Amino acid sequence: MDDARDRLRALRNGLLRLHKALLESERAAYERDIARITSTGQYLGLVLDDPWFHWLHELSQFIVAIDETIDRKEAAATVEEANRLIERARILLVPAEAGNGFARRYFEVMQRDPGTVLAHRDMLQVLGGLVG
């Protein structure tokens with residue numbers, strides 16, 4: 001996988017799978033602890049605006065930044081950009097019990113939901129394949 005764009009697509013796809021697993025886990029916890037989500041529109045509104053889901057915005061915004069780099073027309077993504085984004089993913093995806101923000105919530109979700117642990121493992125395998 002030499003091409004920077006190919007590496008970024010692999011990173012993006014892995015992050016999307018992880019993001020989906022985290023969203024599903026948070027939805028289940030929300031429905032267990034707060035209230036049942038009755039429609040797709042309600043769910044989207046919660047994901048965008050409810051503090052319960054706010055911690056996931058950092059990951060969402062990171063995926064958007066990768067998309068923008070891949071889709072940029074004026075200049076192809078460089079190897080340096082790909083390496084920088086891959087390293088940023090490695091740093092972001094470190095769950096930390098004593099951490100703040102994303103790292104802390106990521107740790108908590110992984111303690112609660114074995115499915116997210118498997119998604120994290122899968123993402124680490126993706127990152128392992130992106131060594132440049």
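User: Which residues do ring pairs link into a cluster?

Analyst: First, a heads-up: this is a predicted model, where local features need pLDDT of at least 70, side-chain atom pairs count only at pLDDT 80 or more, and totals for chains, interfaces and linings use all residues. Residues are numbered from 1 along each chain as its sequence is written, and side-chain values use heavy atoms, with hydrogens and water left out. Rings of Phe, Tyr and Trp (its six-membered ring) pair if their centres lie within 6.5 Å; planes under 30 degrees apart are stacked, over 60 edge-to-face, and the rest tilted. The cluster joined by ring pairs is Tyr30, Tyr43, Trp52 and Phe53.

User: How many aromatic pairs turn up in the whole structure, and what kind is the pair of Tyr30 and Trp52?

Analyst: Searching the whole structure gives 5 aromatic pairs. For Tyr30 and Trp52, the ring centres are 5.6 Å apart and the planes sit at 85°, so this pair is edge-to-face.

User: How many residues apart in sequence are the parts that Tyr30 and Trp52 tie together?

Analyst: Helices here are DSSP runs (H or I, at least four residues; strands are E, at least two), numbered from the N terminus. Tyr30 belongs to helix α1 (residues 4-33) and Trp52 to helix α3 (residues 51-54), so the pair ties together parts whose separation in sequence is 22 residues.

User: Are Tyr30 and Trp52 buried or exposed?

Analyst: Buried means under 20% relative accessible area, exposed means over 50%, and partly exposed is in between (1.4 Å probe, protein chains only). By that rule, both Tyr30 and Trp52 are buried.

User: What kind of pair do Tyr43 and Phe53 make?

Analyst: Tyr43 is in helix α2 (residues 40-49) and Phe53 in helix α3, 10 residues apart. Tyr43 counts as buried at 16% relative accessibility, and Phe53 is buried at 0%. Their ring centres are 6.1 Å apart with planes at 75°, so the pair is edge-to-face.

User: Which residue has its charged end over the ring of Tyr43?

Analyst: A charge sits over a ring if NZ of Lys or CZ of Arg is within 6 Å of the ring centre and within 35 degrees of the ring normal. Here the charged end lies 4.4 Å from the centre of the Tyr43 ring, and it belongs to Arg27.

User: Which residues touch the most other members of the largest nonpolar core?

Analyst: A nonpolar core is a set of buried Ala, Val, Leu, Ile, Met, Phe, Trp, Tyr and Cys residues joined through side-chain atoms within 4.5 Å. The largest one has 39 residues, and its largest share, 10 residues, comes from α1. The members touching the most others are Leu11, Leu15, Phe53 and Leu93.

User: Is Leu11 buried or exposed?

Analyst: Leu11 is found in helix α1. Contact means heavy atoms within 4.5 Å, and beyond its neighbours within four places in sequence, Leu11 is in contact with residues including Ile66, Leu85 and Met123. With 0% relative accessibility, Leu11 counts as buried.

User: How are α1 and α7 oriented to each other?

Analyst: Axes are lines fitted to C-alpha atoms, for helices over the stretch in contact, with angles from 0 to 180 degrees between N-to-C directions. Under 35 degrees is roughly parallel, over 145 roughly antiparallel, 65 to 115 roughly perpendicular, and the rest oblique. The axes of α1 and α7 come within 9 Å and cross at roughly 170°. The two helices, α1 and α7, are therefore roughly antiparallel.
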